[in-house]
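This briefing covers ring contacts, charges over rings and helix packing. The sequence and structure come first.

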Amino acid sequence: MAQEQPNWWPGEAHEKFTKWAISQGVEASGVSPARFHGRGLGMIATRGIEKGELILSVPLQVMLTTDSIPLSFATRFADDISVHGLLAAFLTHGEPKDLEKYDLWRLSWPMHQEFKDSMPILWPQSLRTSNTKNNDISSPTICLPPSISGLWNSFQNGAQFQYEYDRDHQDLLPKQEKRLLDAWDRVLAVFPDTDWDTYSYYWLIVNTRSFYYLMPGIQPPEDRNDAMALVPFADYFNHSDVAVSEPVSCHLWKECFWSFRISFDILRYIKCDVNFDGTRYTFRATKSYDKGEEIYMSYGPHSNDFLFTEYGFFLDENDYESLYLDDIVFRDLNASQKEELNLQQYYGNYQLTASGACYRTEIAACIKYMTRRNWRNYVLGHSTKGVDARKTESVIRGWVKTYSNEAKTTITALEALRSNEENVPFSSNIDMLLKRWKQIEWLCNNTAEAIS
Ligand SMILES: C[S@@+](CC[C@H](N)C(=O)[O-])C[C@H]1O[C@@H](n2cnc3c(N)ncnc32)[C@H](O)[C@@H]1O
């Protein structure tokens, strides 16, 4: 009689891939790929696991890095093609004999349809309108949250940035589209018949499954996104916002951190649970696990809007949740106030998190009612004369309410879209948007109430 499989059984393709990975030197101890409702595949503990235990080790030879790509293939592309773009090009157009090695691994990856369902970049134009250049913004509703689309339904945010500043966590979709289209142009120059669906699929595979990869002792590339590689089997780990609390004591902190494309500025707060020593990628348990529990890894301290754009999911609860009030704040300040904020390096990146508005937002609020002299003295730490906590709170509450109104307006519009029969094929996308906007509304209302 055939042996009964556990309800988390990943399926035959994943069993075959696991056997292949182990035959190639991957060492998995107490972990197995498993199916988890709503998360596709993930990693399960097949026995009790102690905190700090080595659970996975993957040798360099089996990873897909730029060094795995034959030079005769790589040198056909313009020098400025991104590593991301090149890896996707290799998966799309590499010689079958060079790709054969990865066949069973590739069969373990999600289907194209799964990306179409979850990744906004592949959604119909009406659902993914953003402030991308050349975009037709005629869509009656901006469905994606402002940090993703760069646009709002309740006001227009045109021409209000008086000064350039680093909006790393905003306009996420236009930036992602640019990365994909830049790569696409370079691939088309070499392979004019490239199929968009195939290329964008592999580009998203790399986007959602790559790891930070840098040989020890090598300087990080100018663009941190170029330090990436694919790591078989390790790409089964799903993300959680597990606390990445203990500061790294390890002097090699840059090299000892893994992530799905994480930014360098937070690396020093991360524990060395994941390490690449130049020969192997190793993964240790960040806590103890019971048999049958899912083992997660943190992809980094990402907000839900970031996770939504880059990975096609977001968390119900996220310690790193944050909304950006920049567009709302800027339209409420005059040119001279903005100039002053810029001079004092408080221009932009006004965040709202579960614990309230950030210090930068408070400073921006103060400039609304304080004399310039008092404000400057306050910002420079000389005096608190003129600071009135109630007035600051009232300004911030107004800004948060604007965001909350945006959520309300968009939820109403999305509900109308949802009930239109024409949109039945996109109902799960609309549901995902509605869920995200309700989270945003909740966060705004909760903060506004806490400030009252
Ligand atoms: C590195 S892969 C992880 C393995 C993947 N779940 C699979 O089925 O192959 C990253 C992708 O997994 C999914 N994912 C990761 N963490 C998740 C989570 N906490 N909840 C839901 N989906 C998650 C997202 O689709 C993401 O793009």
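Lys287 lies over the face of Tyr289, 4.4 Å from the ring centre. A charge counts as over a ring if NZ of Lys or CZ of Arg is within 6 Å of the ring centre and within 35 degrees of the ring normal. This is a predicted model, in which local features need pLDDT of at least 70 and side-chain atom pairs count only at pLDDT 80 or more, while totals for chains, interfaces and linings use all residues. Residues are numbered from 1 along each chain as its sequence is written, and side-chain values use heavy atoms, with hydrogens and water left out.

**Charges and rings**
- Arg331 also sits over a ring face, that of Phe155, at 4.1 Å from the ring centre.
- The structure holds 32 aromatic pairs; rings of Phe, Tyr and Trp (its six-membered ring) pair if their centres lie within 6.5 Å, with planes under 30 degrees apart counted as stacked, over 60 as edge-to-face and the rest as tilted.
- The pair Phe77 and Phe191 is tilted, because the ring centres are 6.1 Å apart and the planes are at 45°.
- Phe77 is in the loop between α2 (71-74) and α3 (83-93) and Phe191 in the loop between α8 (172-190) and α9 (196-209), so the pair ties together parts that are 114 residues apart in sequence.
- Helices (H or I, at least four residues) and strands (E, at least two) are DSSP runs, numbered from the N terminus.
- Phe77 and Phe191 are both buried, meaning under 20% relative accessible area, where exposed is over 50% and partly exposed in between (1.4 Å probe, protein chains only).
- Ring pairs join Phe211, Tyr213, Phe237, Phe276, Tyr281 and Phe283 in a cluster.

**Packing of α8**
- The axes of α8 and α9 come within 11 Å and cross at roughly 125°; axes are lines fitted to C-alpha atoms, for helices over the stretch in contact, and angles run from 0 to 180 degrees between N-to-C directions.
- That makes α8 oblique to α9; angles under 35 degrees count as roughly parallel, over 145 as roughly antiparallel, 65 to 115 as roughly perpendicular and the rest as oblique.
- Residues of α8, including Trp184 and Val187, meet residues of α9, among them Trp196 and Trp203, where contact means heavy atoms within 4.5 Å.
- With α10 (residues 304-311), α8 packs at about 25°, the axes 10 Å apart.
- α8 and α10 are therefore roughly parallel to each other.

**Helix α13**
- In α13 (residues 359-369), the buried residues include Thr361, Ile363 and Cys366.
- The buried residues of α13 pack against elements including α12 (335-343), β12 (351-353) and α15 (389-419).
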